[in-house]
Amino acid sequence: MGINVNFEGLKPFIREDEYTKIQPSVKMAHDLLLSGTGAGNDFIGWVDLPVNYDKEEFARIKQAAKKIQSNSEVLIVIGIGGSYLGGRAALDFIKGNNYNNKKHAGTPDIYFVGNSISSDYLSDILEMLGDRDFSINIISKSGTTTEPAIAFRIFKKLIEEKYGKEGAKERIFATTDKARGALKSLCDKEGYETFVITDDIGGRFSVLTPVGLLLMASAGIDIDKVMQGAADAREEYLNDDINKNVCLKYAATRQILARKGKETEILANYEPSLTMFGEWYKQLYAESEGKDQKGIFPVGANFSTDLHSIGQFIQDGNRNLFETVLWVKNAKNDIIIEEDPENIDGLNFVSGKSIQYVNSKAFAGTYLAHIDGGVPTIVIEIEKADEYSFGYLVYFFEKALAISGYIEGVNPFDQPGVEAYKKNMFALLGKPGYEDRKAELENRLKG
Ligand code: PA5
């Protein structure tokens, strides 16, 4: 069972003939992607990845995960952006966002570091790690990204002090470039086991590569099922007719709405365990489409929590929004609400009902209210938040994004804009070669 995409909530906002009109552009975008002739075609390895991934490496990932499970109480995962968000989204989606706090015999706690430059965050992780046995998965294509490189310096020193250089070698797993980069050179020198981030898959498309798979397997996630979900989605979304392909219809819908001034997309969920999926989606969509002064701004929202904060704006603020809802139909463990004889909160009308049932009515009520408030709404129904649906959804969003980006007329696979802040930061930190820029920036900051 894959996913079901419901477009009924668009009826007041999009006419059928608008889909007919955009169909040729969708077909052109689809042809560009599948023939490999579109912009950024060096980075479309993810398109066929679910069916042609490296099986030998996949087996090595499983072996490495077993080794980590056998000798480590904690796995420290170091990475940022595309080398972080997908793996963390998978862990939360499948195992819940309280994985570390729940009993999970035989699999390590997983701590993520190197995804910010916060000293307090890092200190907390060091404290939580304590003297427990641990391994490291450093994930970085370049090996020189500031955040993960700083964190790796700290944890490499710690692991070498605890187990000696030889022992540390058995506990450091690097996911990096096949041949180039600072981390690859270090791996060759030190003899760490390495997994490959291939050249034809950009960071934000890499969750189904060793970037995401090693930590998933270490946490006891069935990575065969994840890949099966993605492979089935790939098969399902091959048709280039938007009436027969909901992935392409979703891409077309986004572009039709953007042309009507709906330039912010809210990806909403009703499960805290999907918060990180929203973070993954934000990078995938923002980094791919937000360029050349174009793009749909992607926002994540966690309902019903955020209905008590940004709900007012969604209902009644600037009408530049549309909403895509991830609705998980079945809870893994549903709880029945009991009758309270005192009924002080007046909620006995839901006694005997399950919490999932109440959540479903919050979702249905919100869905109708937002449509009434002028928010076009797409619903993606997920049977259960498991391995298979995760793989399926990842592929759905990746392919829809590529099509949407090509219709928009941008290269969805580059990210030239992310270098600007780094150059300024390096200059201000005094990196050699940036002297002129440093002086100029410091003058501007003085005002
Ligand atoms: O999508 C991207 O390119 C970025 O998010 C990178 O993945 C991120 O900056 C990490 O880069 P690296 O893997 O080289 O450390």
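Q: Is S118 buried, partly exposed or exposed, and what is its relative accessible area?
A: In this predicted model, S118 is partly exposed. Its relative accessible area is 32%. Buried would need under 20%, and exposed over 50%, so S118 falls in between.

Q: Where is S118 found?
A: S118 is in the loop between β3 and α5. Strand β3 covers 109-113, and helix α5 covers 119-129.

Q: What does the side chain of S118 reach?
A: It reaches the backbone nitrogen of D120, at 3.4 Å.

Q: And how many Å separate the C-alpha atoms of S118 and F426?
A: They are 17 Å apart. Along the chain, S118 and F426 are 308 residues apart.

Q: New topic, the ligand. Which residues come nearest?
A: S83, S140, K141, T145 and Q283. There are 13 residues around the ligand.

Q: What classes are in that shell around the ligand?
A: Nine residues are polar, three are charged and one is nonpolar.

Q: How many Å is it from S140 to the ligand, polar atom to oxygen?
A: A polar side-chain atom of S140 lies 2.6 Å from an oxygen atom of the ligand. T145 also has a polar side-chain atom 2.6 Å from a ligand oxygen. For a polar side-chain atom of E287, the value to a ligand oxygen is 2.8 Å.

Q: How much of the ligand's accessible area does the protein cover?
A: The protein covers 83%. On its own, the ligand has 390 Å² of accessible area.

Q: Which pocket is that space?
A: The space taken by the ligand is the largest pocket.

Q: Switching to S135. Buried or exposed?
A: Buried. S135 has 0% relative accessibility, and the cut-off for buried is under 20%, so S135 counts as buried.

Q: Where is S135, then?
A: S135 is in strand β4, residues 134-139.

Q: Which side chain does S135 join in a polar contact?
A: The side chain of S72, at 2.6 Å.

Q: What about the backbone: is the peptide bond from F303 to S304 cis or trans?
A: That bond is cis, with omega near 0 degrees. S304 lies in the loop between β8 (297-302) and α12 (311-316).

Q: What is phi of D292?
A: Phi of D292 is near 55 degrees. That is a positive value in a residue other than glycine. Q293 has a positive phi too, near 60 degrees.

Q: Where do D292 and Q293 sit?
A: D292 is in the loop between α11 (275-289) and β8. Q293 is in the loop between α11 and β8 as well.

Q: Are they buried or exposed?
A: D292 is exposed, at 52% relative accessible area. Q293 counts as exposed, at 82%.

Terms used. Residues numbered from 1 in each chain as written. Predicted model: local features only at pLDDT ≥ 70, side-chain atom pairs only at ≥ 80, totals over all residues. Heavy atoms only, no water. Helix = DSSP H or I, 4+ residues; strand = E, 2+ residues; numbered from the N terminus. Buried < 20%, exposed > 50% of the residue type's maximum accessible area, 1.4 Å probe, protein only. Polar contact = N/O pair within 3.5 Å; in protein donor to acceptor, adjacent residues only side chain to side chain. Near = heavy atom within 4 Å. Areas by Shrake-Rupley, 256 points an atom, 1.4 Å probe, with all protein chains shown as cover. 1 Å grid on protein atoms, 1.4 Å probe; cavity = no way out; pocket = protein on both sides within 12 Å on 5 of 7 lines; lining within 4 Å. Sits in = over half its atoms within 2 Å of the grid points. Nonpolar A, V, L, I, M, F, W, Y, C, P; charged D, E, K, R; others polar.
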